[in-house]
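I opened this notebook to record what I looked up in a structure, entry by entry. The entries follow the order in which I worked.

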Amino acid sequence: MKVKKILTLIQVLLILFIVVCCIFVGKYFYDCKNAQVEYENLQDVVEKYPRVDASGNYIEERDDNGILLSYSNLYKQNNDMVGWIKISDTKIDYPVVRSKDNEYYLHRDFSKNSQYSGIPFMDYESQDISSNYIIYAHNMKDGSMFADLLKYEDKSFYDSHSTIIFDDLYERGEYQILGVFTTKVGANNEFRYHDYANITDGEKFSEYIKKVKELSCYDTGITAEYGDKLITLSTCAYHTSNERFVVVAKKIIK
Amino acid sequence: MKKLLSGIVSFAVMISVSVSAFAATGEISVKNNINGSEPITYTYTEKSGQVVKSVKTLMTKLSDLSKEDSVIQTLTVTSKNADLPVSVKLRLEIPLESDTQTGPQEAVSTPSPDEYLALDYYDINVIDASGNKIYSDEDAMNDDSQNTYRDIPLGIMNESRNDENQIFNIEISVDDNVKSSVEKYANKLDWCIVTEAVNLSTAQPVQSIAPTATPSVTVTTVPTSTPQPTEESAEVKEDKDGTVTLSKGKFLVGRDIDEGRYTMTGEGKVHVYTSEDVLKTSIVLKKKGSKNTGVEKYVINLQEGETIEVDNDTVLTPYEASKATAKPTSSPKVSSSSSSKATSKPSSTSEKSNPKTGDNMPVTTLISLSVIAIGAVIFIEIKKRKND
């Protein structure tokens, strides 16, 4: 009789555990879904003004403050916004923000509300004058944010998706990928690419490109020289702990 | 006699009407970006001196500071019919209220220390329509003088004598270092636009450069490069911390001066031309505390290929160095440290960490454990029933 009571107690505890787990997992996916819906709403705002008109020319409709009409409404909602990133055939289609540090938007959404998946954000040191914009975002298990960036591990994906769209508030931009690499934070041979967020001289630029090409998973045949504008996309990789997956591209349309 | 008198009067009236008609009367209009809001418009002449106009009613975003860390108030300043360039400033001013407790001789009360402190309550950055930061609080000089106002230079308009429209995005946040008790005084501050006609050709008491001065290039502590000024008489002096002193002359950015963001100080006129030789901006600088027309400092982005022309000694302090508290780096390069926004963060590479962008939510583990738990519950139930 006593054993039966103990078994019943264990059963109750296990059921409680299952309920808690279900709530936890359910909330995770619910939040992810909500975040995705919010970003889809933002995408709708942006897509009201298509990038290219029927004849293939760029549309440069601007607000009074000079900001592209596509982004001026979003900028009014959050003036930390610095641009928009998009990679075709991936979920990467998000606004990019920049704060005074690299922590603020790790777990905040575009409206600055708490959200686990955060939003792609530019390194606080990557100011307009820098030749390199570093953009970070989470590698979410539901496939959102920069999770799809890891598709670039596969050279065949690179071959069919070698360009990235990154518009700043004032200019449209298309970037050609020149290197894809991984590095482990804290390892002896770690490449501290995040120290290259503010490149303003040729020496540092060349040093960065050299290292990127050296570490690249495959040869893209593309290189860059000082004067080119770079974009560096960074997310976590899960091959080993504390690993980062990084894609570097250079601007091809000014 | 009557005819003569009326003739004289009509002539005088005619002359005065003609003079007033031809007098340079400029018009300034300030509006914010809220649809339907009424612009504030006023006129001025060359003789008006400084014209101060309150635009507090246009600063509609200030109230949002209670909810937001920072707000951006966009103001559009339009200058029309100006015969002379006009310098434009944004001014925060302590309202000098009448003190009813005191006698008529002391009709205006002296501001309290907290009221003076209120002038520093807001951190202000001004960005133009192209996204260039034209004023930054971070590199503003500490002004210990007991002024009842604080000026933020917005630049010179109407240099080409054409009507001009300028958009200023004023980023305002609350300075955390200022005690919160001054908030009530900060709320009372008046926000004004200050305009003043500037006669670029005659206004500045520019010190003449001796024509016999030996043309030379002096590099005081920098062994790495020998700047070559564009004009032979021009001189560039570069300090260890990257501060550049220009003497009268023209200088090419990228060759004589490193590209980057600088705070300009000095006395005299400064013209900056783009690589296409188009006038980018003109600034009239004045010494701190001087009553002359002009601004005490000006933040500018100098890009490679641009030419800067100065008519007197002008100091260019790298944006970061002007406010850095740490020891200057050994490298005199302006560019290596310029323009970093997060000033509280050290720029040294050893301090910065790579943001953790992993998804650490143990979703798979929890799902696996739940499945195991369900199995265990079922197993126990079967066991119990078997025992029964």
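This is a predicted model: local features need pLDDT of at least 70, side-chain atom pairs count only at pLDDT 80 or more; totals for chains, interfaces and linings use all residues.

**Entry 1**

**Entry 1. The interface**

I began with the contact between the two chains. Chain A contributes 54 residues to the contact, and chain B contributes 49 residues. I recorded a buried area of about 4700 Å² between chain A and chain B, with 56% of that area coming from carbon and sulfur atoms.

I then looked up the polar side of this interface. Between chain A and chain B, 15 residue pairs are in polar contact, both residues being at pLDDT 80 or more.

Which elements of chain A supply at least two residues each to the side that touches chain B? I found helix 1 (2–47) and strand 7 (230–237) of chain A. Helix 1 of chain A gives the largest share of that side, 14 residues. Sorted by class, the side of chain A that touches chain B holds 28 nonpolar, 13 polar and 13 charged residues.

**Entry 2. Positive phi angles**

I checked the backbone next, since most residues other than glycine have a negative phi. D89(A) is not a glycine, yet its phi is positive, about 60 degrees. D89(A) sits in the loop between strand 1 (81–86) and strand 2 (93–98) of chain A.

M145(A) also is not a glycine and has a positive phi, of about 55 degrees. I located M145(A) in the loop between strand 4 (132–136) and helix 3 (155–160) of chain A.

Are these residues buried or exposed? D89(A) is exposed, with a relative accessible area of 58%, whereas M145(A) is buried at 1%.

**Entry 3. Salt bridges**

I counted 16 salt bridges over all chains in a search of the whole structure. I looked up three of them.

K112(A) pairs with D80(A), with 3.7 Å between the closest N and O atoms. This pair links distant parts of the chain, 32 residues apart: K112(A) is in the loop between strand 2 and strand 3 (121–122) of chain A, and D80(A) is in the loop between helix 2 (69–77) and strand 1 of chain A. D80(A) counts as buried because its relative accessibility is 13%, under the 20% limit.

D219(A) forms a salt bridge with K213(A), the closest N and O atoms being 3.8 Å apart. D219(A) is exposed at 61% relative accessible area, and K213(A) is partly exposed at 26%.

In chain B, D151(B) and R91(B) meet in a salt bridge of 2.7 Å, N to O. D151(B) lies in strand 8 (residues 149–157) and R91(B) in strand 5 (residues 86–93) of chain B, 60 residues apart. D151(B) is partly exposed at 23%, while R91(B) counts as buried at 4%. Salt bridges that share partners join K89(B), R91(B) and D151(B) into one network.

Terms used. Residues are numbered from 1 along each chain as its sequence is written. Chains are lettered from A and ligands numbered from 1 in the order in which they are written. Side-chain values use heavy atoms; hydrogens and water are left out. Contact means heavy atoms within 4.5 Å. Buried area is the accessible area (1.4 Å probe) that two parts lose on being put together, summed over both. A polar contact is a pair of N or O atoms within 3.5 Å; within protein, one must be able to donate a hydrogen and the other to accept it, and residues adjacent in sequence count only if both atoms are side-chain atoms. Helices (H or I, at least four residues) and strands (E, at least two) are DSSP runs, numbered from the N terminus. Ala, Val, Leu, Ile, Met, Phe, Trp, Tyr, Cys and Pro count as nonpolar, Asp, Glu, Lys and Arg as charged, and the others, Gly among them, as polar. Buried means under 20% relative accessible area, exposed over 50%, partly exposed in between (1.4 Å probe, protein chains only). A salt bridge is a side-chain nitrogen of Lys or Arg within 4 Å of a carboxyl oxygen of Asp or Glu.
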